[in-house]
Protein chains: 2
Amino acid sequence: MAEIIHRNEIEQILPRINLLSLMEQGFAAYSRGEVTVPPPGELLFDDPPGDVHIKYGYIHNDDYYVIKVASGFYRNPEAGLPSSQGLMLLFSRHTGVLIAILLDEGRLTDVRTAAAGAVVAKHLAPNCVECIGIVGAGIQARLQLLHLLAVVEVNRALVWSPDETEFADYQAFFAKEDRDVQIEFTQELRDIPRACNLIVTATPSTQPLLMNADIRPGTHVTAVGADTPEKTEIESAVLARADILVVDSLSQSNSRGEVFRAAQSGAINRERVVELGHVITDPQLGRQNDEQITLADLTGVAVQDIQIAKAVYQEQMTLKG
Amino acid sequence: MAEIIHRNEIEQILPRINLLSLMEQGFAAYSRGEVTVPPPGELLFDDPPGDVHIKYGYIHNDDYYVIKVASGFYRNPEAGLPSSQGLMLLFSRHTGVLIAILLDEGRLTDVRTAAAGAVVAKHLAPNCVECIGIVGAGIQARLQLLHLLAVVEVNRALVWSPDETEFADYQAFFAKEDRDVQIEFTQELRDIPRACNLIVTATPSTQPLLMNADIRPGTHVTAVGADTPEKTEIESAVLARADILVVDSLSQSNSRGEVFRAAQSGAINRERVVELGHVITDPQLGRQNDEQITLADLTGVAVQDIQIAKAVYQEQMTLKG
């Protein structure tokens, strides 16, 4: 009988898992070619608007395969429901038997995405971070800051949103988390690159928000929001200027995200782009000094789902003895 | 909270569902273009060998979307496990919320596949069926005969298998089902087309088993086994000779199944091929007399999964009041 792990159990398990290390190992295995990850499945709805992504795959020589369903229905909050929904399924790779159902309602996707931002910062952020800049104030924009605080020594953050009403929720989220961080807010986009040299963008924007003219030398940018061909948050000139350009998945960057758009417009040469797993295993590919501009474009890879699903299941089994 | 429907509950619900009608409605909607069914996802393993198929989609103007995972790990019986495994997931198409998990372990895929064979026979079998011929003796070969007996007036069946040991299991299965049918067995393939004018092939063969020289006028053949580009059960000359050629999905027949192979070798012109949903809604496209040879090539369409998952969930809700 499959183990059914409910949302509240997942919440109790998450603090017991070393997400940073799990994601590093996953990205490294992926870039070594040790992970089979077919192109994600997709369903798009328009009334009400929603998109469903099915990501799946397995790590070679592992005992499992994993299927993850994650959706975003952006009008859900109007009905008091989270926009993120979904679940993860863990199967035996030897028999096909369903081993575990993780009823995470999209929570594990949110968390593994934020953990990838922390992995990137660990390898690409400048030595001295003055202030973390967060473009966006939704759930992912909160989790990104939360996970960055675990890997970066800094106690200041500046958060941008066009919607002032999100600021109180953002502040309340961190009040509960009890971190030593002073968060300020702005509705002026340029304030972010002026004040911050570690910036994460986490919005569903389809227009560039970070402009090349505003980016200072030494800045690192992680672009998390653009996961479709249409979405973009960064002016392509920033990618052209960056000394180091990193993606979580080279193959996915052929069809979505900032690198896809910049390559399509001719602003960058794809041969410059390095995969995150290679940066993790070879420090020579990471930041070399505090003057370089670095940029990482994350579209989300199924190996992250495989890693977190396995870890949650194994921890659940440990807890149950 | 999602409704979790276990295998034993599914078994109790299945006899309460009019599968034939559900499948007819599903195929008809599919052929009218009212169903969105992206290409299935696939994972292939080789040690031990196994294949995983992820089928998903939704019927327009419906309240649900469905994801189905079905796998075949053919060495499972050596470990006392069924080779078929899997589950179905029913989601709200309006919010993405997970509504139901059907822990069917591949059972609903087996059943909806057999029900499609009955739909085909209802529309294409000759008026007078002398004897039903079943090529193969595994679980699908049993279910096909079981479902055919509900739509065809005949009490004789001839079953072929290269493995004599399967005959006793086949006989035992029908002893439990208590149907008025006399089943005989053969290890000589030609006996099937000589004795039978309604034939179903349900094997994982990669070599033709039914040869053109043996097929008599007036015969109907339903090919169920070939669901990959490599598998085949029917000599392409049978397809070339058939008066009516039907597939469950024209788009899937571009890449898998008997029609795919026959078209690729130039034995048939794809323009002759008719979709099952059109045959259901327009009797002019079905069998016109008892001399015609008809052939239906089924590769399995997600609309079948959508229909059966919805029906099981709705019946479960009715039972629970």
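1. Strand S8 (residues 132–135) and strand S11 (residues 198–201), both of chain A, run parallel and are joined by 4 bridges. Ile132(A) has Leu198(A) of S11(A) as its bridge partner. Strands here are DSSP runs of E with at least two residues, helices are runs of H or I with at least four, and both are numbered from the N terminus. Two strands count as paired if DSSP finds at least two bridges between them.

2. On provenance: this is a predicted model, in which local features need pLDDT of at least 70 and side-chain atom pairs pLDDT 80 or more, while totals for chains, interfaces and linings use all residues. Residues are numbered from 1 along each chain as its sequence is written, with chains lettered from A and ligands numbered from 1 in the order in which they are written.

3. The open sheet of chain A has 8 strands, ordered S10-S9-S8-S11-S12-S15-S13-S14, with parallel pairing. Strands S10 (182–186) and S14 (274–275) of chain A are at the edges; each has a single partner strand, so one side of each lacks a neighbour in the sheet.

4. Helix H3 (residues 107–124) of chain A lies across S11, S12, S13 and S15 of chain A, at about 160 degrees to S12(A). Angles run from 0 to 180 degrees between N-to-C directions, with axes fitted to C-alpha atoms, for helices over the stretch in contact. Helix H8 (residues 257–264) of chain A lies across S12, S13 and S15 of chain A, at about 110 degrees to S15(A).

5. The chain contact takes 31 residues from chain A and 31 residues from chain B. Contact means C-beta atoms, placed from the backbone, within 7 Å. On the side of chain B that touches chain A, S4(B) gives the most, with 5 residues.

Definitions and conventions:
Two residues are in contact if their C-beta atoms, placed from the backbone, lie within 7 Å.
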